[in-house]
Amino acid sequence: MMDLAPQLLWSSDLIQKYSVNGPRYTSYPTALSLVPDFPASAVQAALAGSAAELCLYLHIPFCQQLCYYCGCNKIVTRHSTKADLYLLALEQEMGLYQHLLADKTISQLHLGGGTPTFLTEEQLSLLMQLLRQHFVFQADAELSIEIDPRSCTLDKLAHLRELGFSRLSFGVQDFDEQVQVAINRVQSEELVRVLVLHARALGFTSINLDLVYGLPYQQITSFAETLDKVLQLDPDRVSLFSYAHMPTRFAAQRKIPTQSLPQGEDKLALLQLAIERFSQAGYQCIGMDHFAKATDKLAIAQQQGKLQRNFQGYTTAGQDALVGLGVSSISQVNGVIWQNQKELKQYQQQLALGQWPVDKGLSLTKDDKIRAALISQLICHFELDIPGFCQRFALTDFWDYFADVLPKLEPLRMDGLVSYSNDHIQVTAPGRLLVRVVCACFDRYLATSDNLSYSKVV
């Protein structure tokens, strides 16, 4: 049998050295830096002065079954009536935003979870009716939704298309049965294939498949088979996330035996195999965990230097113009980040009293905005034009301003992960997959944060 194991870009020593915990930088500062008792007045002021074009994220927390690997905010139940009460709370939250956003338009909507397809067709119709009542959607607004194949029928797919959705993201994770049993998420390849083919027939313009590497019992040979099956489905995008094993934080992960998890070189070999397979198939490696066809909007945005990153990951819009609705959702608008209550009961109680359900937040300082822009540029495009950056932020001496960074950056340069000069910073090919480590050098909050709350970089 042909040896499928790819040649790693890093030595064992390097892998061990950078096996550290760190942020994924879907924002800077990260959500762990948000402070409690954040005033609703700061949120309202940010919304009033926001850009004319916004994106919406809506969190649906319900799942019919617990997936052991998942670290998302979710509520496991089989009672669809719970969603009726949740929709009522969402309507109340939309009402708080309506007058502040009356002169704004929505260019993108994404339903995430949890499991958005937990909602029945009637509930989905009501949700979209409420959204269109409270917000002004652009005629060509992009509507996307995450799909759990186990809770989505062909009729539901057709209904989503009728409601205006054009982008779908199917949760696959891995097609190997042993892996699926270990994470308590069993779904056949045939189920996913039928749904994907039907979605294309219905006219959905973009299909994403979610995969996870580092799951229990994953091996090079079986993961190669999963990648082959994914490529046969010909998705427009692939999200390949690193499994973050944090059993002290997520109780369900304690059901996964630690000894079953690929570690270090074995885990990175899975990632590199995926990079090789997708690159050979013509996909562009967008960043840490995304691949897209060259004709996809994400790929085009990166080619044009316009790719951004927000709480949904890599995006074509909405870095500082994302409104999150629902329990635990996070927003970033006009230099202000805030998160809703994480517990459903508190979220609903505050809305019932007519109060904003804000749990915590942060107003970005000038320094925050400078570092956020730099981190975003590196994590999206892997390089920085220093003179242009200085001109943008009126910095007289870049390396003087970031004097605290050089001692942290120099070891990475010595290890071949990054190069820099007076005019340019470049993340190297080996450094791209460790770009979180490079970005962390510019993070002023890490020294005072609990790094164990972040996932491992390697």
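Author: Twelve residues, that is 12, line the largest cavity, and Tyr213, Ser242, Met288, Leu433 and Arg436 lie nearest its centre. The model is predicted: local features need pLDDT of at least 70, side-chain atom pairs 80 or more, while totals for chains, interfaces and linings use all residues. Residues are numbered from 1 along each chain as its sequence is written, and side-chain values use heavy atoms, without hydrogens or water.

A cavity is a set of points on a 1 Å grid over the protein atoms alone where a 1.4 Å probe fits but cannot get out; lining residues have an atom within 4 Å of a point. The structure holds 2 cavities of 30 Å³ or more. The largest has a volume of about 120 Å³, the space filled by probe spheres set on points joined across faces, edges and corners.

Strand S9 (237–242) and helix H9 (264–280) each give two or more residues to this lining. S9 supplies the largest share, 3 residues. By class, the lining has 8 nonpolar, 1 polar and 3 charged residues. Helices (DSSP H or I, at least four residues) and strands (E, at least two) are runs numbered from the N terminus.

Elsewhere, helix H13 spans residues 386–393, with Ile386, Phe389, Cys390 and Phe393 buried (under 20% relative accessible area, 1.4 Å probe, protein chains only). They cover an arc of only 100° around the axis, so they share one side of H13. Gln391 and Arg392, on the other side, are exposed (over 50%). At the start of H13, a side-chain oxygen of aspartate 385 comes within 3.2 Å of the backbone nitrogen of glycine 388. Just after H13, alanine 394 has a positive phi of about 55°.

How values were computed. The arc is that of the directions from the helix axis to the C-beta atoms. A polar contact is a pair of N or O atoms within 3.5 Å; within protein, one must be able to donate a hydrogen and the other to accept it, and residues adjacent in sequence count only if both atoms are side-chain atoms. On a 1 Å grid over the protein atoms alone, a cavity is a set of points where a 1.4 Å probe fits but cannot get out, and a pocket is an open set with protein on both sides within 12 Å along at least five of seven lines; lining residues have an atom within 4 Å of a point. Ala, Val, Leu, Ile, Met, Phe, Trp, Tyr, Cys and Pro count as nonpolar, Asp, Glu, Lys and Arg as charged, and the others, Gly among them, as polar.
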